[in-house]
Amino acid sequence: MCLGIPGRVVDIPDGYHGQIGLVDVSGERRKVNIGLLEDDPARPGDWVIIHMGFAVEKTDEAGAAEAMAGLRLLGRGERP
């Protein structure tokens with residue numbers, strides 16, 4: 001299992017062959033490699049799980065909220 005941070009794709013900038021997405025992560029926009037999702041490409045509005053700068057899977061808003069809740073628990077040293 002890897003830890004992943006949820007984010008929402010806001011743009012796919014030109015010039016990166018569809019490999020880079022601008023993703024909103026808790027109000028901060030980051031460039032994320034979305035190339036691993038080529039079987040089901042990410043589009044603006046999609047939620048993704050990010051690990052080490054790569055979007056490793058798509059999720060929905062509920063899944064993103066659940067992932068963020070888990071990260072908050074880990075930050076407090078608690079168990080789910």
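A: Helices (H or I, at least four residues) and strands (E, at least two) are DSSP runs, numbered from the N terminus. The model is predicted: local features need pLDDT of at least 70 and side-chain atom pairs count only at pLDDT 80 or more, whereas totals for chains, interfaces and linings use all residues. Residues are numbered from 1 along each chain as its sequence is written, and side-chain values use heavy atoms, with hydrogens and water left out.

Q: Why is M52 called exposed?

A: The relative accessibility of M52 is 70%. The classes are buried (under 20% relative accessible area), exposed (over 50%) and partly exposed (in between), with a 1.4 Å probe and protein chains only. The value of 70% is over 50%, so M52 counts as exposed.

Q: What makes the phi of M52 worth noting?

A: Most residues other than glycine have a negative phi. M52 has a positive phi of about 55° although it is not a glycine. H17 also has a positive phi of about 55° and is not a glycine either. H17 lies in the loop between strand 1 (5-11) and strand 2 (20-25). With a relative accessibility of 78%, over the cut-off, H17 counts as exposed.

Q: How do you know which class G53 belongs to?

A: G53 is found in the loop between strand 4 and strand 5. The relative accessibility of G53 is 37%, between the two cut-offs, so G53 counts as partly exposed.

Q: What is in contact with G53, leaving aside its neighbours within four places in sequence?

A: Contact means heavy atoms within 4.5 Å. By this rule, G53 is in contact with V32 and N33. As for V10, which is 43 residues away from G53 along the chain, the two C-alpha atoms are separated by 16 Å.

Q: Why is D39 called exposed?

A: The relative accessible area of D39 is 80%, over the limit for the class, so the residue is exposed. D39 is found in the loop between strand 3 and strand 4. The C-alpha atoms of D39 and G27 are separated by 28 Å, although the two residues are twelve places apart along the chain.

Q: What makes the pair of R30 and E28 a salt bridge?

A: A salt bridge is a side-chain nitrogen of Lys or Arg within 4 Å of a carboxyl oxygen of Asp or Glu. The distance from N to O for R30 and E28 is 3.9 Å, so the pair meets the definition. R30 is partly exposed, at 36% relative accessible area, and E28 is also partly exposed, at 45%.

Q: How do you know that K58 forms a salt bridge with D40?

A: The closest N and O atoms of K58 and D40 are 3.2 Å apart, so the distance is within the limit. This pair links distant parts of the chain: K58 is in strand 5 (residues 54-59), D40 is in the loop between strand 3 (28-33) and strand 4 (47-51), and the two are 18 residues apart. With 27% relative accessibility, K58 counts as partly exposed; D40, at 47%, is partly exposed as well.

Q: Which residues are linked with K58 in a network of salt bridges?

A: The network links D40, D46 and K58. The side chains of K58 and D46 meet at 3.2 Å, N to O. This pair, too, links distant parts of the chain, with D46 in the loop between strand 3 and strand 4, twelve residues from K58. The structure holds three salt bridges.

Q: Which elements does the whole protein have?

A: The protein has one helix and five strands. From the N terminus on, these run β-β-β-β-β-α.

Q: How do you know whether the radius of gyration agrees with that of a compact globule?

A: The radius of gyration is taken over C-alpha atoms, and the globule rule is 2.2 Å times the number of residues to the power 0.38. For 80 residues, a compact globule would have a value near 12 Å; the protein has 13 Å, which agrees. Along its principal axes, the C-alpha trace spans about 45 × 25 × 20 Å. Buried residues make up 28% of the 80 residues.
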